[in-house]
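Here's a quick briefing to read alongside the model. Have the viewer open as you go through the topics.

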Amino acid sequence: MKRNLLAFFFCWIGVLCGAQPSGTLTHFANDLKLRQSRILDIQQDKKGFIWLSTFNGLIRYDGSTFQKFRVKQNSSLNLISNRVFKFKFDNSDRIWIQSEKNDIYYFDTRELSFHYPIEEGTLKNANIAFVDFKVMPSGRVWLFPEEKNYAIAFEKNKKVRKIAFDPAKRCGKISDIYEDKQGATWFFTEAGTCRLDKSGKDPQYFFFNGKPCVYNSFLETKEDIIFGGNNGELARYNKKASTFFDFLLDIKEDIIYTELVANTKMLIITAGQVFYFYDLKTGKLDAYNGKTLAGFPNKKINYLGSTRSRQFWFEAQGEGVFQFDLLSKKIKRMPVDYSDSATAGGQRKSFMITSPNGTVWIQSGNAPFSYWDEKNNKLSSVIRCINESKESVSDLMHTAMFDRLGNLWFCSFKQGLDLVTFSNSNFSTLNLDSSNDHHKHNVRSLMKDNSGNFWVASRKEKIALFDSQKKKIGFLASDGTLSSSGPSWGADIYSMLQDNKGRIWVGTRGNGLFCLSPTDQSFKYKVVHYKYNENDSYGLNSDDIFKIFQGSNGQIYIATWGGGVNIIRESNGKIQFINFKNELRNYPIKTADKVRSIVENKDHKIFFISSYKLFSFSEDAKSTNKIKFNEYSQVSGNDILDILITHDNQMALATNGMGLIMADLDKKGQLKVKSIWNEMVSFPVEGVVAIQEDKAGKIWLMSDNQIVRFDPKNNSAETFPELKSIIGTEIFSEATKCELLNGEIAVGYSNGVIYFKPENIKPFHFKPYLAISGFLVNNKELHEINPETPKNPDLLQEVTLEHNQNFFRVQISALDYLKSENIVYRYKLEGIDKQWNYIKGGQSINYTNLGRGSYTLLVSSTNGHNLWMNNERRIKITIRPSIWGTNFAYFCYLIVAGGLFFLTRRAIITILKLRNDVKLEKQMSELKLKFFTDISHEIRTPLTMIAAPLEVMLADDDLKDAAKGQLRIIEKGAINY
């Protein structure tokens, strides 16, 4: 029972992983981006950067920029060659490098600088020449000197220590080093095995009994550690008892590799022409070689790897790749389907890698880089899955790697860097080829009939019929019969409909309308053809049919290009077409002549789109000539290509130029319009050609060559870059969509049909690391003008700038390589911006002429599927004031201003006081003058009165001379006064 369940499990996994990969190629060659064409190795670090080892140093790629790092000639490292032969990441942001000439050094990704392993301490002056290194899971790095008779431990904190062995043990050279899960280190030497505890100083010695015991393999289980060595030597170390136990098996060959399989079995690879499986529970040993297994090669085998604990892969020199199946116990030499380029000469590197979805990729010594096609059980060249020009790709690889998203990176013999982005199983294509003619099938109309059959009309003027399982039934001809050679429909079919009576209506662009009535035989119909006849006033008024629609009341409407809307009236087995030429007197033929589509909302109101306008009407009127048509100017001017009524009775309009527009009628009949393209900055498409709603209420939009899933609840729009590997440069057809019986959505494009099940497509929640790849101030790197800051701008958290360094540019990149040019970034500088700023595809943020103060730069992005992720980065930016803008300067300014104020005040007061004194003095003078004037007047008046009598008295001759002399003195004083 368990074996059956296991077999079922493996089969189920095989179904999931067995689909043929299909990918789109992006090539980077000798251009402004990538200047090194020969790449030796490709790896991805924990943040998501892609690192390349080249003939001239390391290169880091962030999705937009290739940044080169190499040791300069004047460096203290004094390297013979900058060619990076091997590199590994440790746990402390260091890249350990072995050059072509076996120079060992490391690159500090935090400082962006190269270093020699021993730059300080007592070992610095020893001039040790290292020839190899090994990075342990704990982060410790072991360095091997040229003699390899001791080892140097390089710790996370850059401290180094020398581990030397007891000369009496005669250990010889170290062949390898392993680290167990408890952190202990095991040394394989020429004489035996040594163990160094995690915090130990001196190693313990095992098997140093005079007989050389050389081990080559290390396998750790939950309870034991198993060592495999030369001449079939095996040893088991019990971790709980800290003791070795005997472990004897009938193996004579040198054991070079061991691997745990399904937790109970051990795969033993030898240096000979045999491998073994050992059951750890039962103790059973099974040998597989040319004697025990038919088809086993009689040559030395090179183990490549295992997959799903079932398939084991190896190669034999000159005989190709072999696969051994653990369940069936069978071996098979794998045929390889490869291109002519595989015959090119050159030494080939043998390796096997597994993609994140489980696909096996192998390159052997005599076969190209190929994937395992499980369905056909063969290896197929990588060229078979690339939907691009095959001439620019080679399937012989120098190196290859899968990143975390399943993208394939490789450097082929044609050099340069190549990226293959694969599609997933979310989207499938419908095979329309009947004779492998590989002609294009421009699909313009789709329909699901009442039996679940799927009708596909292409521009080959044929209708292909498929059952509900998408198995082809045949081609329907215009005479109503299934026949691949029958008469065509005379024009491209733009619309198909099955009405409530079971009839099939087929509308063409140029050959009118067909009505197919079913007969007693399956897929055989009685056909009636309706065409425009200028003499028939109740006939079809245009042969260009864009849409056939049946309302909830059973009424059939025909949307024509040039003749407006036609309403079918059936009476006594005859059909009349009611249009503006007969009874639709109120029809706005001048603005609604070219009708693309018709729908009905839940209020039984009919809406139709005519190029740049939206109209509606209701058939509540008793006669057709009284039908009133309403035009909605709110959406006028937009090239409307499709219309949809959603589950909540809203209208979704697909426009060419304004993306998706949502519209709704309020209680007063007014149309409320919401432009998703305007309100959602990161909305990925401007032109939408078709729309379809799924059962969850999400709206699927078909643009030129991509599909977008719009979620009205979350206001998110998810794209699917992997579609490019399916349709390439083809485009989706206008208003060509259909919901199938099982809930799948089918859409037509210029070379077929794509279908998918919406509920099976989960949101892509990959959160790319948002890297700060550059911080330039006044067009110079930040660390150049401020040596205290990290050389690696990705480490920046706080930045302090001077007052004249207020022009800066920040370069950002989200490490998502699916379609990096479509990633949307938003940023905001708190203290300056009140709202988010958005950029698409560009990775530079610029701010100029900022004033003194503290700011915080916030940056986040979408992933490659256009979904916003919580990958926000924050950088606190402080701009210092100038010396005349400091607080002390302002304090001085305040003191000076106060002094000037007091001086000015005192001067003003003094001036005012002097002015008042002058004024007062003047007033006093005037008062004195007036006083003296008045006194003089008062005195002069009586003196005048005295002067007249004095003259009389002096004229008297009788008066004595003595008296006259006294009088003259009086007269003289009176006159002079």
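Predicted model: local features only at pLDDT ≥ 70, side-chain atom pairs only at ≥ 80, totals over all residues.

Strands here are DSSP runs of E with at least two residues, and helices are runs of H or I with at least four, both numbered from the N terminus. Residues are numbered from 1 along each chain as its sequence is written, and side-chain values use heavy atoms, with hydrogens and water left out.

**Glu 619**
- Glu 619 sits in the loop between β53 (613-617) and β54 (629-632).
- With a relative accessible area of 28%, Glu 619 is partly exposed (buried is under 20%, exposed over 50%, partly exposed in between, using a 1.4 Å probe and protein chains only).
- Leaving out residues up to four places away in sequence, Glu 619 touches Asn 553, Gln 555, Tyr 557, Ile 567 and Ile 627 (contact means heavy atoms within 4.5 Å).
- Asn 792 is 173 residues from Glu 619 along the chain, and their C-alpha atoms are 70 Å apart.

**The second largest pocket**
- On a 1 Å grid over the protein atoms alone, a pocket is an open set of points with protein on both sides within 12 Å along at least five of seven lines, a cavity is a set where a 1.4 Å probe fits but cannot get out, and lining residues have an atom within 4 Å of a point.
- Grid points are joined across faces, edges and corners, and a volume is the space filled by probe spheres set on the points.
- The second largest pocket comes to about 1000 Å³.
- Its lining has 35 residues, and Leu 497, Lys 547, Phe 549, Gln 692 and Lys 737 are the closest to its centre.
- Which strand gives the largest share of this lining? That's β63, with six residues.
- Sorted by class, the lining has 16 nonpolar, eight polar and eleven charged residues (Ala, Val, Leu, Ile, Met, Phe, Trp, Tyr, Cys and Pro count as nonpolar, Asp, Glu, Lys and Arg as charged, and the others, Gly among them, as polar).

**The largest cavity**
- Searching the whole structure turns up one cavity of 30 Å³ or more.
- The largest cavity has a volume of about 40 Å³.
- Residues lining the largest cavity include Phe 775, His 783 and Leu 796.

**A four-stranded sheet**
- Strands β6-β7-β8-β9, in that order, form an open sheet with antiparallel pairing (two strands pair if DSSP finds at least two bridges between them).
- β6 (84-89) and β9 (113-115) are the edges: each has a single partner strand, so one side of each lacks a neighbour in the sheet.
- Five bridges join β6 to β7 (residues 94-99), and Phe 87 has Ile 97 in β7 as its bridge partner.
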